[in-house]
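Hi,

Here is the structure I promised to pass on to you. Have a look at it first, and then read my notes below.

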Amino acid sequence: MEQYIEEVGTFSKKRLDARAYDIPESSECLNGDWRFKLCETVKEGLNDAKNGGEDCCDSIHVPGHWQLQGYGNPQYTNISYPIPVNPPYVPTDNPTGVYVKHFKPKKHVGDKDDRFRIRFDGVDSALYVFLNGEFVGFSLGSRNPAEFDVTGVLDTTITNCLVAVVPQWSSGTYIEDQDQWWLSGIFRDVHVIGYKRVGHIEDYEIQTLAIQRDAAQIKLEARIEHTSDVGVDLVWKIEHAESDSITHVNAKEMCHSERFSGTITMSTEIRNPRLWSAETPHLYHVELQLWNNGVMLHRIKTHLGIRTIEIQGEVLLINGKEVLFKGMNRHDDNARKGRAISEEDVKHDLLVMKQHNVNAVRCSHYPSHPSLLHWADVYGLYVIDEADLECHGFGFAFMGKSGHGGKGQQRLDPKIEHRSEAYTSDNPEWRETYLERLRQMVYRDRNHPSVIMWSLGNESFFGSNHVEMYKWVKARYPKWPVHYEGDGRDTTMDIYSCMYPSFSWVDQCGRDKNQKPMILCEYGHAMGNGPGGLDEYQDLFYKHRRLQGGFIWEWANHGLVKKVPGQSNKYFYAYGGDFDEPIHDGTFVMDGICDSEHMPTPGLVQLKHVYRPAEIVFSRPSTHEIAFKVVNFNTFVGLDEYEIVFNVLGVLRLAPGTPQRLVETTVLPHKDWHTISLPSKVSELTKQGYDVIATASLRLAESKAWAPKGHEVSFGQHIIPSDKKDQFSGNNPIEVVESPILIQISAGKAVIELSKATGRFKKVTKNGESVVKSGPELGFSRAPTDNDLGGDAKGWKAHQLHNLVESVDSVQVHDKGSYARVIVKKWIAPPKVQWGFATEVEYIFSRSMTDLVMDVSTTIKPKGYFPDTLPRIGMDFVLPESMETVAWYGRGPGETYPDSKTGNRIGWFECANSDLFTPYEVPQDNGNRSGIRWVSVSSKSINPSTTKRLSQTFQEVFQGPIENNRFSIISNDDNHLLNFESQPWSPKELEKAGHPYELGAKNNHFRIDFAVHGLGTASCGPGVQEKYKLKTDSTHAYQARMIIHDV
């Protein structure tokens, strides 16, 4: 039996046929501590199993992976096979886990004369099972269940010895090449199941045949096994979860033979059915009961969601209506447990998805944990269920010239192909293996209304085996859509699908007529800081009827918790290469819109707004009124699901100040315009220099299974701008002292010194205490984001943008008594390559009644062979550590960039500077705030509770006046609002560090940017759109005002 793992077509021995997922009441979970031994080869493992696992002395937890419990190391590859490419053969040195569990079944499992089976819901990558020394079965297919009949072998009166032998590598490895960690072992639940010998329900299928007028036609097929000459009764009960109505459907099948195994078919009609959809996940409780001679033999409790799926022309319909998939790709993953996740892990993921307006999940790239579909039914999520099938690595197995290969019939005669699909996907020898993986998925999951599409796998090229898979589904479920992105011939898919396309390509596809529906099964690669450009994709989905949405790649980083070297009590999230793997794909496993703990990153906050279920638009009927309207994007629910919290806030436009709350009210939305009368104070405030911000927050009117009442699902804003223009008066005298090497400017308690040699500021103090330690200095670089590294950062690196050197041309000073004008001209250029910036920065120093003001104007002219784009153009500072409180008027509270900002409001915000840093698990640029009219940094202490506002939906608590402000920067150009970042580390420090623990001592880095390059998705997909690029090829001129307060 050792050869089973290398025999094409041998995917099971003695394994029972697939069935609908149901763990009966008469079962016992065998999860927990098992005895364990890791052998070097399969032969050794099988030999230990035949000896009852006597040498297995270690302890290991099931479910779990042995690499995460001290045996061997994880290995991450995105595509490449970690073993020699010689299908179906695998290395002889094949780590093999031997698991031993001693158990005596509990009474409720059954009596000694009953029927028993052992079920494994997930084992990677192959499984041999022995019970009480007897071989009871073999299975391949890591993410599919394996169930074995152990009747006559299991003894309820004694302690039984269950042994599982699990090789790390098998022929299945070649078609389980998904983008994730290679982890081995029993990673899902194990159960011993008992059934009454007289009979049980082996399998069942419930289908909605049709919904016509006011009735739904429901069909049940139940496969019964029983051994009795007395007939059995199958009782079918249906009860709506939200009402008392019960439908009883009874059928009686008489059996007079000694053994009966067959299918009982029933049908019923449900009047006025409540239909299931992701927006309205109505469920009916279903109970199947098998009776024999007045005794209930078996009961199955499940649920029914009544819904139909069909494709009409270029659109997919749910319950006869078009839907838009606002989707997410999701792996089973946990930072400590790998794929050995729990039901609670699944619930957490789906709840967070629903709370961020996600309505669909693609199970990438295998059938997920069995509980996922249950909770998708309950919470309301559409699911693309995907077969455990990917052989991407064959596409990267070719290198150099090929010699003459064989047909792969012997280990020493490897199959050498020149077409990737010829290895398995287009190889008839693998056909039954492909079909079995499909059958396992479909039969397990077919009763869930959330499953609206079957997927034939991922990135497995295309071949005749996919055609046969498609035919198998269509022969049984003609209307159930089938998805397979790899089919360029358009023969095995009902929905056209693609990955990571450009915006123009998607737009053109939307324009194509007489085509199938189209989805993006992967887009918006969420690696690190990003993704950018999601608004534009969503606009295209709404623009073209044929485009029915897409699925972000992907839900969460796959970082594994690992101890920091030399520090036993500190941990970090490891990625490829951190376990000394000889072949790995580095940080590409850190590509989630949540972090490794499955908590949202700023990208998910942005996506929530992109996926919003309604749009709020505004108008001004008159000067004393504001009106708004809610545009419903939902398909099945109206606006009565929501309430609107409306408020009006006044914020000083051109100077730091305390916001003023003017209006707050709650209204119930309707399809027409809501008109709100504004208080007279609005007009007064706009004349006094305040912008007035109206915000409408759309929230749940009642609690849902996935969120409480009041949970926000969308928001909209309208700004009534200030009427007041900049009326700054700086006529108070300042003192200018010039020496051969310094320019000193004094105003009251403030002193600024500027070097005539370098053109840099040497001192910025107030009362002798430093306000700015260094800067302002022109800055152009940022620590590359993951998306930068896939795109523009290549050009930045080649042009040595990170190595710029300054050469001073001149420093001029003009003392005008009431103000001083300093002009610094420099040539800023890198070594090695011939290009640079001719820069001129003009500082005009003046003094108001209370403040020292510095108006800054910059002119930057690129010359030579410069890069196409720049990361940023701004001014860099290092501030004293005491300057720890930041307040601003602009986008917030979270991180925003040019192509990822609409998910954050415009408003007044305040927090500790430490809360402005986004701790990406792979250090990179982060924390930008955009649309800034002013930002103020002070040494004022801040109540820790204030920082909670960074995660609140609306800023409802304000601190009082901003006291002790030390340093502010104000945008005085409406066409170029500012950006700012506050960071503990410099761009070079962030770029150098591979993990957060590698970052050195903190410093108070602060920067103002006049312009910032977008994010894009070039880590895997299109880069930054043209309109969000910071192009180098023009003269850049910007201005801002810097203030030292209370001098």
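Phe394 and Tyr423 are both buried (buried means under 20% relative accessible area, exposed over 50%, and partly exposed in between, with a 1.4 Å probe and protein chains only). These two rings form a stacked aromatic pair, with 4.4 Å from centre to centre and 10° between the planes. For an aromatic pair, the ring centres of Phe, Tyr or Trp (its six-membered ring) must lie within 6.5 Å; planes under 30 degrees apart count as stacked, over 60 as edge-to-face and the rest as tilted. Both residues sit in the loop between strand 28 (382-386) and helix 4 (431-445), so the pair ties together parts that are 29 residues apart in sequence. (Helices, H or I with at least four residues, and strands, E with at least two, are DSSP runs numbered from the N terminus.)

Before you go further, keep in mind that this is a predicted model: local features need pLDDT of at least 70, side-chain atom pairs count only at pLDDT 80 or more, and totals for chains, interfaces and linings use all residues. Residues are numbered from 1 along each chain as its sequence is written, and side-chain values use heavy atoms, with hydrogens and water left out.

Back to the rings. The whole structure has 42 aromatic pairs, and one aromatic cluster is made of Phe877, Trp888, Phe909, Phe967, Phe980 and Phe1006. Some charges sit over rings too: Lys562 is over the face of Phe579, at 4.6 Å from the ring centre, and Arg905 is over the face of Phe715, at 4.3 Å. (Here NZ of Lys or CZ of Arg has to be within 6 Å of the ring centre and within 35 degrees of the ring normal.)

Now the domains, whose bounds come from an automatic or database domain assignment. They are domain 1 (12-195), domain 2 (199-304), domain 3 (322-398 + 405-559 + 590-610), domain 4 (613-720) and domain 5 (735-1045). Taken over C-alpha atoms, the centres of domain 1 and domain 5 are 57 Å apart.

Five strands make an open, antiparallel sheet in the order 43-44-45-46-47 (strands pair if DSSP finds at least two bridges between them). Strand 43 (735-738) and strand 47 (769-772) are at the edges with a single partner strand each, so one side of each has no neighbour in the sheet. Strand 43 is joined to strand 44 (residues 742-747) by 4 bridges, and Glu735 has Ser746 in strand 44 as its bridge partner.

Last, the salt bridges: there are 68 in the whole structure, each with a side-chain nitrogen of Lys or Arg within 4 Å of a carboxyl oxygen of Asp or Glu. Here are some to look up:

- Lys797 and Glu991 have their closest N and O atoms 3.8 Å apart. Lys797 is in helix 11 (residues 793-798) and Glu991 in helix 12 (residues 987-992), so this pair ties together parts 194 residues apart in sequence.
- Glu806 and Lys826 meet at 2.8 Å, N to O. Glu806 is partly exposed at 24% relative accessibility, whereas Lys826 is buried at 10%.
- Glu840 and Lys825 come to 3.9 Å between the closest N and O atoms. Glu840 is in strand 51 (residues 835-847) and Lys825 in strand 50, so the pair ties together parts 15 residues apart in sequence.

Salt bridges with shared partners also join Arg19, Arg117, Arg119, Asp121, Glu147 and Glu202 into one network.

Cheers
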